[in-house]
Every structure is written in C-alpha cells, then in structure tokens.
Amino acid sequence: MSAEPILALDPRRAIGHAAVLGAGVMGAQIAALLAAVGITVDLFELPGEGAERSAPARRAIEALGETKPPALAEPSCARRIRPANYEDDLDRLREAPLVIEAVVERESVKRDLYARIAPVLAETAILATNTSGIPLHRLAEGMDTARAARFCGLHFFNPPRYMHLLELVPQERVDPAVLDFLEGFATTVLGKGVIRARDTVGFVGNRVGVFAVLSVMHNAERFGLAPDLVDQLTGPGVGRPKSATFRTLDLVGLDVFAHVVETFARCAADDPWHGTYRLPAWVEALVHRGALGQKTGAGVYRKRERVIEVVDMATLEYRPAEARPDPQVAEILRIQDPAAKFQALIHSEHPQARFLAATLADLYHFCAWHLGEIADSAREVDLAMRWGYGWRAGPFESWQAAGWPQVAGYITGRVERGEALAAVALPDWARDPRRRGVHGPQGSWSARLGRDLPRPDHPVYRRQLVPERLLGEPPVPKPTLLQQPGIHLWDLGDRVAVLEFTSYMHSIGSEVIQGVFEALELAERDCRALILWQEEPPFSVGANLMEFLAALEEDGIEAVAPMVERFQRASLRLKHSPLPVVAAVQGMALGGGCEFLLHCDARVAALESYVGLVEAGVGLIPAGGGCKEVALRCEAESHGGDVFPRVRHWFELLGMARTSGSALEARRWGFLRAHEPVVPHARELLYVAKAHALALYEAGYRPPERREDIRVAGATGIANLRAHLANLLRGGFISEHDHEIGVRLATVLCGGEVDPGTRVDEDWILALERRHFLALAQTDKTQARIQHTLTTGKPLRN
Amino acid sequence: MEAAYIVDAVRTPVGKAPRGVFSATRPDDLLVHVLRGLLARNAALDPGAVGDVICGCAMPEAEQGLNVARIALLLAGLPETVPGVTVNRFCASGLEAVAIASDRVRSGQADIAIAAGVESMSLVPMGGNRPAYNLRIFEDDQVGIAYGMGITAEIVAERFAVDREAQDAFALESHRRALAARERGEFDAEILPVEVVHRVPDPAQAVCVERRRAISHDEGPRADTSLEALARLRPVFAAKGTVTAGNSSQRSDGAAAVLVASERGLRRFGLQPRARFLGYTVVGVAPEVMGIGPIEAIPRVLERTGLKLEQMDWIELNEAFAAQSLAVIAKLGLPRERVNPLGGAIALGHPLGATGAIRTATLVHGLQRHGRRYGMVTMCVGTGMGAAGVFEAVG
C-alpha cells in the first residue's frame with residue numbers, strides 16, 4: 001500500500017466543502033457549480049443592513065433559481081450553499097480546504113481580504129482567485145511563503161456551469177503540487193476543461209478572445225461593414241457561435257469589455273498590437289450613452305416590438321438588423337475544405353471576403369507572436385478558444401487546416417505591405433517553410449521551449465479514454481469490431497464493446513436499428529459487456545422522423561407498423577441481451593434515444609444530460625418500449641402501494657414533453673435510477689461506464705426477465721388523467737389534438753381500460769403502444785407536427 | 001310541525017390552507033374544540049340529552065374520516081350514548097347539518113341536536129387524497145363532473161359576462177368588509193379562540209416539545225391588497241380566463257358547531273334561543289355551472305318559507321368565486337349591501353364542509369346584534385347544486 005493517505009490523492013474526498021468569497025454573478029454561480037457536484041459551500045458577501053446579517057448572500061443564492069440558462073443543475077442543490085458574511089462568519093473558513101475568491105476586480109480589495117482571512121485559513125487550505133485581469137504575482141505580494149505556496153488563479157468563464165474552460169494560473173511561489181491537485185480536482189470533480197495559463201495579462205482565453213473581437217472591430221471599420229453584417233460573417237461560417245461578435249458583446253456587456261480592453265492597454269504597453277487595444281469611437285459612444293448591451297435593454301442591438309435593430313456606426317441611430325452576406329461570399333463560407341476556403345477568401349475581391357481574410361490573418365499573426373509568452377504550447381490556446389468561446393476550432397488548428405505555409409506567406413505579405421494590425425514579422429518558427437502545423441503525433445508546438453510538447457500526462461487524463469482531439473492530432477484508435485451504415489462497434493479493451501451511432505445527431509433510423517441487432521449478435525459472441533456511447537453529444541435525438549414520415553407518406557400505415565415493431569424489438573434486444581448493456585449519456589437523449597436508454601441495464605450520465613420522452617411534441621407517444629418501461633417504473637416506484645401517483649408523475653413528464661435540465665434532474669424524475677452515477681466531465685463517461693459494465697459482468701449478470709405481472713392503474717387511472725385533461729382543454733391550455741394525444745398516452749401508461757390493480761404482461765403494453773402510436777401517426781395534425789419539427793426544429797402547437 | 005331554535009353557534013377562527021395557522025392541527029381536534037366550547041357556553045344543558053351530533057365535511061377521509069362526528073364527540077367528552085353522523089354535500093355540508101339537526105327537532109325526533117361542520121384543507125386536499133374518477137363520466141358526456149371548481153367559475157363568468165375588473169373589485173370589497181368587521185368586533189361572539197399546539201423535536205433534549213400559540217382571528221383578510229395587486233395576478237384555470245387566486249375563495253381550515261333545540265328542549269334546560277330555523281332547500285344545476293346554484297335555490301326556499309327577497313335583512317352568500325357571486329347577485333337582483341356585510345369567503349376563507357355552519361354562526365349572531373329579523377345562508381355546491389337556509393332572529 002502507498003504510504004500517502006488516500007485523502008490527499010483523491011480530490012473528491014479532499015474537497016467535500018469549500019468557501020466562495022463574493023456573491024456576485026460569478027461567485028454565486030461558482031458556488032452553484034460546486035453544489036451541483038455535491039460540495040457544500042459557504043458563500044460570503046458583505047453583511048446586510050438589517051437583522052439578518054447574511055441577507056445579501058442569501059438573496060444571491062435565491063437568485064440562482066432564476067438565472068437563464070439555469071445556474072443550478074437541480075434546484076435542490078441550492079440547499080448545499082450556506083449564506084455567510086465577512087464579519088460574523090469568518091471562523092467558518094477554518095473548515096474549508098478550498099477557498100475561491102471572486103470579489104470585485106480591484107487589487108486593493110482582494111489583497112485586504114486575503115490579509116483579513118489569513119489568520120483563520122487552515123494551513124493546508126488552497127486559496128484561489130477568479131481574477132480575470134490582475135496579475136497573480138501582485139496579488140501574492142504580502143503573503144508569507146506558506147500561504148503563497150497554496151495560492152493561485154482559477155479563472156472560470158461566464159456562465160461557469162456551461163463554459164467548459166477553466167484557466168489554472170500559477171504565480172512564482174506556488175507549490176506545483178497544488179496546481180497538480182487543482183488540475184485533477186477541477187477536471188474530474190468539477191468537470192471543467194483545465195488549461196494551464198501563465199501569469200500574463202488576460203491569461204490565454206481573454207488575451208486571444210478579446211483580441212479576436214478587436215481585430216473584427218478594427219477590420220470592420222476599415223472595410224466599412226455594419227455590425228449586423230459582421231455578425232453574419234463571423235459566426236458559424238467561420239466556426240464560431242451564432243452570437244458571433246457583436247451579439248456576444250451585448251451579452252457580455254460593453255462596459256465589461258471596455259474595462260478589459262483598458263486593462264490590456266495599461267498592462268501590455270510594449271505589445272506590438274498595443275495600438276489596437278482601444279474601442280472604435282462608435283462603441284465608445286454606446287458605452288458613454290449607457291447602451292451596454294442586454295442588461296440595459298440596448299447595446300449594439302436592441303429589440304423593438306419583436307424587431308431586432310442594430311445601431312448605425314455613423315449616426316448611432318438604430319435600424320432593423322437585416323444584413324445578409326453577399327451570395328458570393330456566402331458561397332465561400334459554405335466550402336467544407338478549410339484550405340480551399342482560405343484560398344477563396346484571400347483571392348476574392350469582395351470587401352466582405354477581404355475583411356474575413358484580414359481578420360483571420362491578424363488573429364493568427366497575433367497568436368503566433370504571443371504564443372511563447374502566454375502559453376506553454378499551441379494546445380492551450382486552441383482549447384481555450386474552443387472551451388471558453390465556443391469556437392469549433394482554435395486559431396492554430398484552423399490555420400493548420402487552412403495550410404500552414406500558405407497562411408504564413410499571406411500573413412508575411414500583409415505585414416510587408418503594411419496591411420497588418422501590427423508591423424512585426426511572424427516568429428521564425430512560424431515562417432519555417434517545412435512547418436505544416438503546430439499539432440501532431442508528438443504533441444503541440446511550444447514556442448517558449450522551441451519544441452513540441454506532448455499532451456499533459458496528469459493522471460486525471462487517464463480517465464479520459466477518448467480525449468478531445470485537436471485538429472492535426474492523431475485519433476485515439478478504436479479497433480473496429482463491426483462497421484456498417486448507421487453504427488460503429490469497437491473494442492474498448494478488456495472485452496468491452498462500444499456501440500456508436502454514426503447517423504446525423506445520432507438519430508435512430510432503420511440502419512441504426514439493424515446495426516443494433518447485428519452489433520449485439522457480435523458482441524454477445526465475443527464480449528463481456530456493451531456500452532452505448534457517442535463521442536460527441538447528443539446521445540441521440542430520437543427516432544429518424546424524416547425516414548418515418550417519408551415511409552408513411554409513400555407507403556402508408558402498413559409500411560410504418562413493422563418499423564414501430566422493429567424499434568420495440570431493438571429495445572427489447574438491448575434489455576434482454578445476455579450481455580450487460582450500459583448507456584453512457586451526454587447531451588440530449590430524447591424520444592427514441594431515451595427509450596434505448598431506459599432499456600439499458602444501467603445508465604451513466606454526464607452532468608449535462610438533457611433527457612426526455614418528448615414524442616408528444618410531434619404528436620406521438622413513445623412506442624419503442626418507452627411506455628412499457630415507464631409502466632414498469634411506476635410499479636417499482638410505488639413500492640407495492642398505489643401506482644397512480646407515479647403514473648401521474650410520468651404522465652406529466654411525457655404529456656408535456658419535458659426534458660430534464662441536467663442528469664440530476666433526470667435522476668430525480670426517474671429516467672436514471674437512484675444510485676446511477678452522474679459524471680461531471682463528459683469525457684470520463686466511458687471510463688466510468690466501463691467500470692460499471694465490468695462490475696455488472698463480474699457480479700454474475702443475468703438479463704432481466706420479461707414481466708408478466710405488471711400492476712397498472714387501469715380504468716380509474718385513465719379516468720383521473722382524463723379529468724385533468726378535460727380541465728386543461730376547457731381552460732384553453734391544450735388543443736383538441738393535445739387532448740387526444742393525452743388520452744391515448746394515459747390509456748397506454750395505465751395499461752388500458754382494465755380493472756385497477758390488474759396485472760398485465762409487457763407484450764400487452766407494447767401492443768397498446770403500437771396501437772395508439774399508429775392511430776396518432778395517421779392524423780393530419782400529427783403529420784403536420786412532424787413536418788414542422790423537421791423543417792424548423794421547433795414544435796408545432798396545433 | 002314543531003319549531004327548531006338556534007340556541008347558540010360557535011366557530012374556530014378560520015386559518016389559511018395549506019400553510020396557515022392550522023396547517024398541522026387535526027380537523028377532529030378543531031371539531032372537539034368547538035363541541036366543548038358550545039357545551040361550556042351552554043352549561044345548563046345536559047350533554048346526555050343531545051339526540052345526535054350531525055357534522056358536515058366535504059372530504060370525509062383520513063384525518064377527518066371514519067365518521068369524524070362520532071370520534072370528535074367522544075373525544076369532546078360527550079356521553080357515549082350520544083350518536084354522531086357525518087354528512088357530505090360538499091360546500092353545503094355544514095348548512096346541511098344544520099338543516100338535518102333542525103328537521104330532527106321539527107319532526108319531534110329530538111329535543112336537542114348539535115349541527116357542526118369541519119374541514120382541514122391543509123391535511124385533506126380538495127378532491128381527496130386519492131381521487132378515483134369513473135371512466136363513464138367521459139363516455140356518458142358527464143365531463144362536468146370532472147371539471148375543477150375554477151373552470152366552472154370561468155364558464156359562469158363567460159355566460160353571465162362577469163368581467164375581470166368586476167371580480168377583482170368584488171374581491172377587494174370582501175377584504176375591506178371583513179377587516180372593518182373584525183375591527184368592530186363583529187366576530188367576537190362567534191369565535192372560540194384556539195390554542196394551537198405544535199409538537200417539534202428538540203434534538204438537544206432528545207424529546208418532543210410543545211410550542212403553543214393562541215389563534216383568535218381569521219387569517220384570511222388582507223389589509224395589503226389593492227385593485228392593482230389583484231389585477232397583477234394571472235388566471236389559473238383558463239389560459240385567457242378571468243378567475244384568479246385573488247378573486248376566488250381561499251382554501252382554509254376551520255370548524256363550527258350549532259346548538260339546535262325544540263321549545264321543549266329550551267324549557268327543559270332554560271335555554272335562550274337566538275334564532276329560529278325556517279327552512280332549507282337544495283336544487284341541482286348543471287355541474288359545469290355549479291356556481292349558479294343559488295339562483296335556483298334562493299327563490300325556492302323563499303317560496304317554501306312564504307317570504308320575499310325584500311324581507312331578507314342579511315344574506316350570507318358563500319363567495320366560492322367572485323364570478324359566480326356576481327352572477328347570482330345580478331340574476332336575482334340581490335341588494336349588495338345586505339349580501340355578506342361582514343365580508344365573505346374570498347376574505348374570510350372557505351373551509352368547504354365547515355362553511356355552512358360557520359356562516360350560520362355569523363348570521364344568527366349578526367341578526368341578533370344588529371336587531372334584524374330575517375336572514376339566509378346560501379351557497380353553490382360542486383357537481384352542480386345550490387343550497388339555501390332561512391333563519392329568523394328571536395328574542
């Protein structure tokens with residue numbers, strides 16, 4: 001046995017409790033994140049005026065229930081957060097092995113606070129600051145050596161629950177073991193994507209991200225492009241989020257952005273891009289006018305009577321935002337091959353294309369020049385932009401994909417012609433004609449060390465069996481057991497097979513169903529267990545409605561009836577296979593995808609899992625065995641008592657097509673069973689699922705037996721649900737068609753119009769599923785709903 | 001036929017449900033309290049002479065199940081020879097109990113009877129703990145049976161063109177009258193204050209400790225409401241409806257007991273009557289417009305008692321909803337100032353099966369205190385009925 005106590009090695013057990021200083025947006029939401037993973041938190045704020053001294057912190061905790069998107073993974077998590085104030089409750093800090101400071105971004109305030117808490121902090125406690133701009137070494141001034149050894153930066157991105165990036169920032173005196181510990185903790189316990197930053201202004205994410213915005217702004221001005229057009233150009237077409245540049249800015253707040261730019265201007269005086277660290281006059285005018293973005297109701301954009309308006313850069317008046325890229329440029333943005341796309345951009349005469357080429361070139365130029373200063377390798381920069389800014393690929397990756405030497409040549413040309421935003425040459429390493437990129441089998445380029453740096457070898461990453469891969473990095477081998485249209489079955493080792501769907505959004509059509517049958521057959525012969533898993537979310541958006549509707553329209557109900565039955569048989573096959581089958585879920589698991597999940601022997605879910613039987617939204621009911629599984633759960637959850645209260649619970653979930661806001665909620669609702677694991681980091685799913693599957697195998701797994709004695713609510717249950725539906729219909733809350741769906745759903749979930757307490761077998765409920773599903777599928781209104789959802793991605797209420 | 005006299009009537013304060021002052025108080029305990037109080041106030045009466053205890057309850061199950069009348073009378077210390085029966089006519093249950101007790105006396109079968117009503121909507125929700133509808137109500141197109149009370153109020157509002165503003169104004173007036181009445185002490189004679197006992201764990205001592213709190217006023221009336229506040233509430237029962245939590249009766253907990261005697265009973269125990277029971281009528285209407293019940297019941301009971309509407313000095317019209325109250329008032333031309341002069345269920349609360357007995361208490365004390373002669377208690381009833389009882393002050 002190792003001499004080191006397990007407590008020190010296991011971040012889960014080492015941090016059961018934490019303190020967060022500062023109950024502002026970031027502080028409170030960091031507390032919410034900690035609470036979601038089971039850590040109790042003392043949330044500190046200044047004392048209030050009244051008798052209840054910790055009222056300000058309490059109000060911040062209450063406000064967590066109202067944020068959009070929700071900061072709390074589950075409302076009950078708020079119970080783990082205890083309000084506190086700096087005057088009465090400092091003693092409580094003694095208990096906290098981790099203290100995260102997220103107070104106002106003022107050096108003096110932070111340092112005063114550190115001095116004040118120093119006497120009560122446990123010697124072993126780690127103090128981390130969420131500062132986004134103040135140099136760590138300045139904040140560490142005045143700390144004794146022991147304290148400084150356990151002080152560093154933990155920079156969360158807003159909103160902390162949803163932004164994957166967490167920057168771990170050292171300062172000179174920090175103990176490297178502390179950083180290692182936090183990297184493990186933040187990755188496996190908090191589920192964050194950790195990158196090691198350096199103690200430079202803006203760290204990695206904001207240094208690059210803010211410049212990316214500035215480069216867009218200055219180039220837009222140069223080419224005379226309006227903000228709404230710029231957003232059309234700098235969004236998904238170049239691999240960035242739909243909110244692109246200016247809409248993102250409105251969300252962040254123009255004042256916040258201005259403040260960061262100001263910090264850059266002050267702290268990076270000898271930066272060759274120093275001249276760009278300023279806002280264009282029109283943005284400055286908006287800030288001056290108090291038009292700060294979403295929080296003030298107007299910024300670069302505003303909404304007037306459902307019309308989105310954008311500010312005119314010259315007059316500062318608002319006009320409807322309706323700019324569209326030139327068709328010729330839009331055509332270029334649709335090019336799939338990154339190299340061809342870049343070439344098309346730089347060779348186009350169109351100002352919109354030239355703007356994009358200039359913006360990208362300036363960004364690449366900036367990143368190459370700063371790489372050695374701000375990051376250990378190009379890897380950190382690219383991951384920061386993926387995880388912190390929602391880019392599909394980081395700047396180095398997209399440069400590499402576009403053809404390294406070609407892009408480097410283009411940048412050099414611009415510098416020589418004086419077109420670049422800074423007049424410095426690309427670093428030698430970037431201009432090396434033999435260079436093909438920065439990411440490769442040997443790792444990622446470190447400009448500081450002048451060599452490739454392998455992936456971080458922190459033990460926590462051994463839990464990521466298929467880690468996130470940068471463009472240019474070789475893929476993790478997935479030894480194929482079976483590959484055919486719709487599915488890929490591969491060997492995870494230890495005779496555990498992984499089944500992935502290769503369909504769009506992992507929807508389930510006839511190919512996937514066929515694949516499930518064949519994969520099971522093969523795995524049953526050669527493997528110990530099967531894991532249903534997708535490398536990227538969603539787990540599955542459900543049945544392939546396009547295929548279903550086409551079959552229905554072409555060949556009628558006779559053609560789709562066997563499809564439904566086949567889906568049910570696939571579900572049953574998953575459940576009754578002699579292999580233990582584990583669903584490893586992340587992202588959406590909807591409709592048919594949820595039905596598969598329910599039929600697995602066990603579920604392992606990433607915290608960010610959105611699970612629901614949402615068939616009612618497209619005018620249907622679950623008919624892949626989902627209602628049967630729900631009926632089984634109703635009986636189990638009623639523990640021998642009245643099944644109806646559970647039927648009512650499930651009826652509401654299915655009838656309203658509700659989707660869980662997290663795996664914790666899915667578990668509370670019953671989609672996951674009470675003790676099934678929720679994994680904060682989605683990349684660890686496979687590791688946990690494998691352990692789970694092997695445990696089932698080793699414990700002598702036998703498939704569940706087909707039940708013939710399911711207790712159902714019967715006629716009385718249906719009547720109760722119909723009473724509820726009658727009120728909703730008369731009250732105008734649901735449509736006639738909703739009502740029909742509801743009555744049919746009620747009938748199936750209650751096991752048909754049998755005497756209450758009747759025991760039925762699984763086939764009976766499966767037959768009810770099919771009958772009522774097919775009856776609904778034949779209605780015009782259901783077909784209209786399916787068509788509408790396929791076209792718009794949104795539900796139709798008819 | 002003999003005359004039936006109301007000798008006395010007492011009630012608990014009415015608490016809010018499900019999180020009010022009686023949220024953890026058992027309804028049978030509330031009933032015990034009013035039975036004891038009634039007998040204590042009429043100490044000349046030999047409890048063994050009580051011919052029957054008839055208690056109304058709208059959801060007679062769980063804490064108020066198993067014939068709560070019999071259980072409570074035994075717990076209240078009445079002799080075991082005194083029988084008890086629980087009756088259910090939903091919201092008219094308490095008035096039904098008064099009518100049955102009076103009829104028992106009028107028909108000469110008893111000289112003394114106690115009518116009562118009890119309901120804890122905190123502990124037994126409306127609809128009961130385990131609703132179990134009959135599927136036939138949908139097959140036979142009797143869907144009105146399944147309608148919640150709120151929906152029926154929406155239908156009445158539509159059919160009788162009662163708009164949101166009128167409903168909110170009516171609700172505000174109910175609160176105003178209730179608060180003014182409390183201020184004037186109008187409820188003092190009828191209310192028996194209750195000492196609520198909460199039993200909570202004391203982990204330090206590892207014992208269960210009792211926390212006591214005296215309750216002597218109705219919890220429902222709000223001084224802080226206003227037309228603006230009422231207007232802000234969203235309709236709950238219909239997407240584009242007008243019925244809100246603010247212009248509906250409040251869910252409540254409470255109990256009341258009424259002592260009824262024949263002339264012989266009065267003489268035997270030297271009791272002074274407050275009022276005489278004149279008659280009672282119940283009529284059925286369509287379930288989906290149950291709120292209009294009083295429109296049918298009031299003319300019928302007046303006809304039976306040979307009285308005219310103009311002779312009614314005081315009408316206790318249960319405010320199930322402002323919408324149906326206004327429809328009844330408009331349709332029958334009830335004089336607004338004589339309807340619920342002390343406020344109604346929107347402010348005072350509506351503990352379903354207890355309300356009839358509670359408002360009987362309010363009426364008989366009120367008629368006497370104000371020197372008025374004729375009065376009426378009337379209400380609409382779920383699944384479509386209207387009930388009305390007429391009383392005359394005496395002495």
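This is a predicted model: local features need pLDDT of at least 70, side-chain atom pairs count only at pLDDT 80 or more; totals for chains, interfaces and linings use all residues.
1. β12(A) and strand β13 (residues 443-446) of chain A run antiparallel, and 2 bridges join them. They belong to an open sheet of 3 strands in chain A, with the order β12-β13-β14 and antiparallel pairing. Which strands stand at the edges? Those are β12 (439-440) and β14 (451-453) of chain A; each has a single partner strand, so one side of each is left without a neighbour in the sheet.

2. That sheet is one piece of chain A, whose secondary structure comes to 31 helices and 23 strands. The radius of gyration of chain A is 28 Å, and the globule rule gives 28 Å for 798 residues, so the chain is as compact as a globular protein of that length.

3. How much of chain A counts as buried? The figure is 51% of its 798 residues. Have a look at the contacts in chain A too: among those with a separation of 6 or more, 71% are between residues 24 or more positions apart.

4. Last, turn to where the two chains meet. Chain A gives 15 residues to the contact and chain B gives 18 residues. On the side of chain A that touches chain B, you'll find 6 nonpolar, 5 polar and 4 charged residues.

Technical notes: Residues are numbered from 1 along each chain as its sequence is written. Chains are lettered from A and ligands numbered from 1 in the order in which they are written. Two residues are in contact if their C-beta atoms, placed from the backbone, lie within 7 Å. Ala, Val, Leu, Ile, Met, Phe, Trp, Tyr, Cys and Pro count as nonpolar, Asp, Glu, Lys and Arg as charged, and the others, Gly among them, as polar. Two strands pair if DSSP finds at least two bridges between them. Helices (H or I, at least four residues) and strands (E, at least two) are DSSP runs, numbered from the N terminus. The radius of gyration is taken over C-alpha atoms; the globule rule is 2.2 Å times the number of residues to the power 0.38. A residue is buried if 20 or more other C-beta atoms lie within 10 Å of its own, exposed if 12 or fewer, and partly exposed in between; C-beta atoms are placed from the backbone.
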